[in-house]
Amino acid sequence: MVIILKENPGKSQLDNLISWIKSQGVTPHITQGIHQTIMGLVGDTAKIDIELLQQLEIVAAVKRVQEPYKNANRKFHPLDSIVKVGDTGIGGGTMTVIAGPCSVESEEQIITVARSVKASGAKILRGGAFKPRTSPYAFQGLRDEGIRLLLEAKKDTGLPIVTEIMDLSQLELFSEVDVIQVGARNMQNFELLKQLGHSNKPVLLKRGLANTYQELLMSAEYIMAFGNENVILCERGIRTFENYTRNTLDISAIPALKTLSHLPVIIDPSHAAGIARFVSPLSLSAVAAGADGLIIEVHNNPACARCDGMQSLTMPDFAALMKKINIVTNAREECNAL
């Protein structure tokens with residue numbers, strides 16, 4: 001349920017309304033805009049008397065929300081959410097680029113790449129410490145040593161770090177990680193999502209290989225329902241009948257998710273394509289479509305990478321792409337201003 005308040009509601013009337021709503025066992029979430037204040041009610045609102053609310057002096061309108069996701073719903077929160085990561089804000093029309101290798105392989109490798117992507121304009125460093133691999137014989141990552149090396153790269157460059165968690169048992173190891181990534185395979189690991197909800201640490205939530213927008217938003221809802229509103233949605237491509245590329249990038253996810261939700265939406269063109277030469281056009285398409293950010297795989301020597309070398313950009317190629325991203329971002333801003 002959403003309560004739209006009249007402009008400049010009286011403080012005592014607002015406090016009384018909030019107190020009454022809480023007495024009904026429902027949690028109010030208030031979003032204050034320039035001209036309008038919206039109160040979203042989370043919980044069992046079946047017993048709330050809409051007609052009674054509509055008669056209140058400070059209430060302009062009351063609407064029931066049909067979608068099962070509440071906290072993530074734009075109807076509850078009309079303004080774009082901005083998730084703070086260090087000094088960087090993701091969302092709200094800005095463009096944030098996250099870059100780094102698929103997996104952390106050595107101290108020299110991660111620091112070399114971190115310095116390079118920072119110089120090119122990336123704001124956050126990515127790197128896999130724990131790697132979910134289809135084959136049990138493939139490289140599984142350096143695990144806790146990988147996190148240690150990411151923290152060394154952070155110390156060297158000042159870049160915040162994002163890396164993927166695989167299991168609840170690893171949570172303690174992520175205490176100094178800036179953004180916890182939940183991969184496509186764990187998007188519906190609800191026990192993990194609940195625990196991440198008890199933290200205020202930003203969570204980068206990737207869409208599953210065959211999941212709908214609503215299922216992605218319901219997974220975000222799990223995190224938010226337990227108190228953590230710092231969720232970043234990530235479209236990384238879905239599985240279709242086409243097998244020329246690794247996955248099929250769903251560009252329509254950007255305007256669709258932004259219509260349905262206030263949460264920031266970023267795109268992973270590397271996993272969508274699986275082919276390095278496609279990363280640039282997909283990245284630019286995502287920027288033009290309104291994405292809030294990109295997460296791109298960059299390696300100092302892709303031919304020798306222990307994981308996903310085929311989809312990783314070289315450091316010079318990433319630097320060239322960043323120049324194009326800046327051009328398209330500026331053009332997007334000009335279009336939005338029209």
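The buried residues of helix 9 pack against helix 7 (253-260), strand 13 (265-267), helix 8 (269-273), strand 14 (293-297) and helix 10 (315-337), where a contact means heavy atoms within 4.5 Å, and helices (H or I, at least four residues) and strands (E, at least two) are DSSP runs numbered from the N terminus. This is a predicted model, in which local features need pLDDT of at least 70 and side-chain atom pairs count only at pLDDT 80 or more, while totals for chains, interfaces and linings use all residues. Residues are numbered from 1 along each chain as its sequence is written, and side-chain values use heavy atoms, with hydrogens and water left out.

In helix 9 (residues 276-288), the buried residues are Val-279, Ser-280, Ser-283, Ala-286 and Val-287, buried meaning under 20% relative accessible area, exposed over 50% and partly exposed in between (1.4 Å probe, protein chains only). Seen down the axis of helix 9, these residues fall within an arc of 135°, so they line one face of the helix; the arc is that of the directions from the helix axis to the C-beta atoms. On the other side of helix 9, Arg-277 and Ala-288 are exposed, and after the helix comes Gly-290, with a positive phi near 105°.

Helix 10 buries Met-315, Phe-318, Leu-321, Met-322, Ile-325, Thr-329 and Arg-332, and their cover includes strand 7 (96-100), helix 3 (107-120), helix 9 and strand 14.
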